[in-house]
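Me: I would like to go through this structure and ask what stands behind each label. Please set each value against its rule.

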Amino acid sequence: MKRLIFSSLFATVLLVACGINGGAPATPQAGQNPLLIPELIDSRETPEIMLNMQHGQHQFYAGVQSETKGFNGDYLGPTIRLYRDFDATITFVNDIGEPTSVHGHGLHVRGEIDGGPQGVIEQGESWQITIPVRQEAGVSWYHPHLMGTTAHQVHAGLAGLYFIEDENSQSLDLPKAYGVNDIPLIVQDRSFTDGAMNVYAVTAEQLEDGLREDTLVVNGTVDAYHVVPQGWVRLRFVNGSNARFYRFSFANNEPFFKIATEGGFLNRPVEMTAIDMAPGERNEIMIDLSNSTGATLMADFLNEDGEVGGGLNPFAATPQVTALEFRVDESLQPSGTLPDVLNDIAYFDRSEATQFRTFSLDMDGGDDDAGNANNGDLFSINGSSMNMMVVNERVKKGEIEIWQITGDQMLHPFHMHGVSFQILTHNGEPPAEADRGWKDTVVVGEGTTEIILRFDYVATDAFPYMFHCHIFEHEDSGMMGQFTVE
Ligand SMILES: [Cu+2]
């Protein structure tokens, strides 16, 4: 009881002290370690890209080795630059000692090369795919997606990025120097014992909330800093955490501009001072450091309700932390600016939809199709836990659909394969301007979120697409289903 009173008092003080945007502003800390930038592989220059999935030893803290996994390295993997209308061939080699698969999260490709749970790569075997890139510019990512092992394999370090470019992204005068002023940021939470990363393990409670740890890691770097030119800086965020939601802002509430969601650019930049990101989501932002000596990115670790602070759950929220310090070096050449117009999104109209589906992400088993309580399956969608032998939905290729999604007990990031969608409504309201872009992952709660979408690629019974919660612990425990597109 004492703890409850303290918590609510504390939450009240926080709310009063910080207004609506962020948590208690923390004092920005100087970075200690240079931000690691994943190697860049250009698909036009490397006709046969090899990505070896391997064991590694990564130093998050100097002099202390952590047991990790990576693609071609100790932790994470190279950024692969793809081009629209250019086919890229990639060979994934499994040397991690157990079966895996590699899903292209965000890629619009047919089921056989989507890399879902059916796309098993046994230890010692390889899997070669040729990706016909036909979608617009954006940030996608690759990571394991086997049934029941996704959480620990990604946690060990198996994830990497696809930067997709097209005529539009190449003609816009944006910052484009990879790792200099066009910077990938894979954000994850990890915990450490004497400087060594704790290997993946979850209690029953952590399974329910998703594994939430206490230390922010960016591109495999803790306490990071990065040196940038004195100009516009473009940050490509990927939330690669197992379960953690974040709120990012800059110290002193410096404004920034959101320019892209998962599947492409927004029509116009949207000015913001804080941005929330759920697991699986990607956002691109830009900040103007033309008249600045630097900026410090701050992060609030949000609780299971997507809020700052409070709660009785020890895994829920921590005070605001410094995510990444940007130091301006005037000797570096700035390039690019913030365009007024970025895209011309063709919005679906509700009246175009010919098929409606509802999805309920349940943590108590939910009800089955007959309306009977189905408490045997703790983590489920529409009353069924993931069953590899069952196709849950059958979609007609080229048909426009509206999906109405709700989530139980906490916020869940809902993701489906093979497509980008648009948000129609969230709790009955149209989306904010900053959310009116192409997405493939959306946060759902007890209110209904409506999305509109059209599937243009085939996924057969042998290699169906998945829809699932992107909290890996929920996904691995069955909050996932399968669908075909034909
Ligand atoms: Cu979930």
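This is a predicted model: local features need pLDDT of at least 70, side-chain atom pairs count only at pLDDT 80 or more; totals for chains, interfaces and linings use all residues.

Me: How do you know how many helices and strands the protein chain has?

Reply: Helices (H or I, at least four residues) and strands (E, at least two) are DSSP runs, numbered from the N terminus. The protein chain has 5 helices and 33 strands.

Me: Why is the protein chain called as compact as a globular protein of that length?

Reply: The radius of gyration is taken over C-alpha atoms, and the globule rule is 2.2 Å times the number of residues to the power 0.38. For 486 residues the rule gives 23 Å, and the radius of gyration of the protein chain is 21 Å, close to that value, so the chain is as compact as a globular protein of that length. Along the principal axes, the C-alpha atoms fill a box of roughly 65 × 60 × 50 Å.

Me: What makes a residue buried or exposed?

Reply: Buried means under 20% relative accessible area, exposed means over 50%, and partly exposed is in between (1.4 Å probe, protein chains only). Of the 486 residues of the protein chain, 58% count as buried.

Me: Why is methionine 389 called exposed?

Reply: Its relative accessible area is 75%, and the label exposed needs over 50%, so methionine 389 is exposed. Methionine 389 sits in the loop between β25 (380-381) and β26 (393-395).

Me: What makes Met388, Met389 and Val390 a patch?

Reply: Patches are made of residues with over 30% relative accessible area and no salt bridge; like charges are joined within 9 Å, and nonpolar side chains (Val, Leu, Ile, Met, Phe, Trp, Tyr) within 5 Å. Met388, Met389 and Val390 form a nonpolar patch on the surface, with about 300 Å² of accessible area together. Such areas come from the Shrake-Rupley method with a 1.4 Å probe; for residues, only the protein chains shown count as cover.

Me: How do you know which residues coordinate the copper ion?

Reply: Donors are N, O and S atoms within 2.8 Å of the metal (3.2 Å for Na, K and Ca); water is not among the atoms, so sites may look incomplete. His412 (ND1), Cys469 (SG) and His474 (ND1) coordinate the copper ion at 2.1 Å. Histidine 412 lies in strand β28 (residues 412-416) and histidine 474 in helix α5 (residues 472-476), so this pair ties together parts that are 62 residues apart in sequence. Histidine 412 and histidine 474 are both buried.

Me: What labels do arginine 327 and glutamate 325 get?

Reply: Their side chains meet in a salt bridge at 3.1 Å, N to O. Arginine 327 has a relative accessible area of 29%, so the label is partly exposed. Glutamate 325 has 15%, so glutamate 325 counts as buried.

Me: How do you know what glycine 111 is in contact with?

Reply: Contact means heavy atoms within 4.5 Å. Leaving aside neighbours within four places in sequence, glycine 111 is in contact with Val458, Ala459, Phe463 and Tyr465. Glycine 111 is found in the loop between β7 (103-105) and β8 (126-132), and at 4% relative accessibility glycine 111 counts as buried.

Notes. Residues are numbered from 1 along each chain as its sequence is written. Side-chain values use heavy atoms; hydrogens and water are left out. A salt bridge is a side-chain nitrogen of Lys or Arg within 4 Å of a carboxyl oxygen of Asp or Glu.
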